[in-house]
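Here are a few exercises to work through with the sequence and the 3D view side by side. Try each task yourself before reading its solution.

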Amino acid sequence: MSGYSVKVATATPPDDGAQRPPADAPCTDALIPLLSATRLTGTATAFASATLTNDTDPNHFWVGAEMLRTYTGDTATQAMADLRSLVGRCPVVTTSDLDGKPEVFRFAVTSAPRLGDDSVHISCSMTYDSEVMECDSILIRIGTTVVTVDEQGADPGGYRYLPQLAAAAVRKYQG
């Protein structure tokens with residue numbers, strides 16, 4: 001398909017497996033990867049991801065990804081609990097770009113399709129000037145594995161296919 005590119009990775013990103021931030025950690029841009037669920041707490045024993053991007057429109061871009069993280073013990077359960085707790089504590093993070101203009105990030109736990117042993121939908125948006133960019137992630141825990149399906153760069157409301165993609169990812173994983 002024109003404009004799309006796919007990247008597959010099997011090495012854990014260097015900043016994945018972040019330790020649980022202290023309960024009094026400030027809600028700063030350092031927490032955005034954890035708040036948006038692009039990173040999780042706990043160190044995965046196995047990791048794989050596939051990323052699909054489209055940047056044909058200079059005014060809009062779209063990135064979709066599926067990640068599988070396998071953990072030992074109850075680390076997957078703890079990572080899901082940490083995510084919910086952190087989003088509840090830091091629903092808004094205000095930062096500045098390089099020119100000092102404010103950027104406002106909003107995060108929320110919203111309803112997710114009931115999949116696997118546990119599932120959660122993290123909705124996020126970034127407002128810069130009058131532009132709003134959304135990102136959404138659905139995380140599904142199946143035993144000691146967390147399957148994450150996310151998209152970034154969608155126009156508001158552009159996540160309508162995410163639940164179907166998450167359900168398909170779970171079927172494929174369990175199949």
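**Exercise 1. Find which elements have the lowest and the highest mean pLDDT.**

Solution. Then go element by element. Keep a caution in mind: where pLDDT is low, the predicted coordinates should not be read in detail.

**Exercise 2. Work out which residue pairs with D82 in a salt bridge, and where the two partners lie.**

Solution. First, look for the partner: D82 meets R20, with the closest N and O atoms 2.8 Å apart. D82 belongs to helix 2 (residues 75-89), while R20 sits in the loop between strand 1 (4-9) and helix 1 (32-35). The pair therefore links distant parts of the chain, 62 residues apart. Finally, check the accessibility of D82: its relative accessible area is 12%, so D82 is buried, the cut-off being under 20%.

**Exercise 3. The structure holds three salt bridges; describe the ones formed by R84 and by D117.**

Solution. Take R84 first. R84 forms a salt bridge with D118, and the closest N and O atoms are 2.9 Å apart. Because R84 is in helix 2 and D118 in strand 6 (residues 118-128), the pair ties together parts 34 residues apart in sequence. R84 has a relative accessibility of 31%, so R84 counts as partly exposed.

Now turn to D117, whose side chain meets that of R141 at 3.8 Å, N to O. D117 lies in the loop between strand 5 (102-110) and strand 6, and R141 in strand 7 (residues 131-142), so this bridge ties together parts 24 residues apart in sequence. As for accessibility, D117 counts as exposed at 51%, whereas R141 is buried at 14%.

**Exercise 4. Decide whether S119 is buried or exposed, and list its surroundings.**

Solution. Begin with the location: S119 lies in strand 6. Its relative accessible area is 16%, so S119 is buried. Then search for polar atoms: one in the S119 side chain lies 3.5 Å from the backbone nitrogen of L115. Last, set aside the neighbours within four places in sequence; S119 is then in contact with M80, R84, A112, P113, R114, L139 and I140. R84 in that list is also the salt-bridge partner of D118.

Technical notes
Residues are numbered from 1 along each chain as its sequence is written. This is a predicted model: local features need pLDDT of at least 70, side-chain atom pairs count only at pLDDT 80 or more; totals for chains, interfaces and linings use all residues. Side-chain values use heavy atoms; hydrogens and water are left out. A salt bridge is a side-chain nitrogen of Lys or Arg within 4 Å of a carboxyl oxygen of Asp or Glu. Helices (H or I, at least four residues) and strands (E, at least two) are DSSP runs, numbered from the N terminus. Buried means under 20% relative accessible area, exposed over 50%, partly exposed in between (1.4 Å probe, protein chains only). pLDDT is the predictor's confidence in each residue, from 0 to 100. A polar contact is a pair of N or O atoms within 3.5 Å; within protein, one must be able to donate a hydrogen and the other to accept it, and residues adjacent in sequence count only if both atoms are side-chain atoms. Contact means heavy atoms within 4.5 Å.
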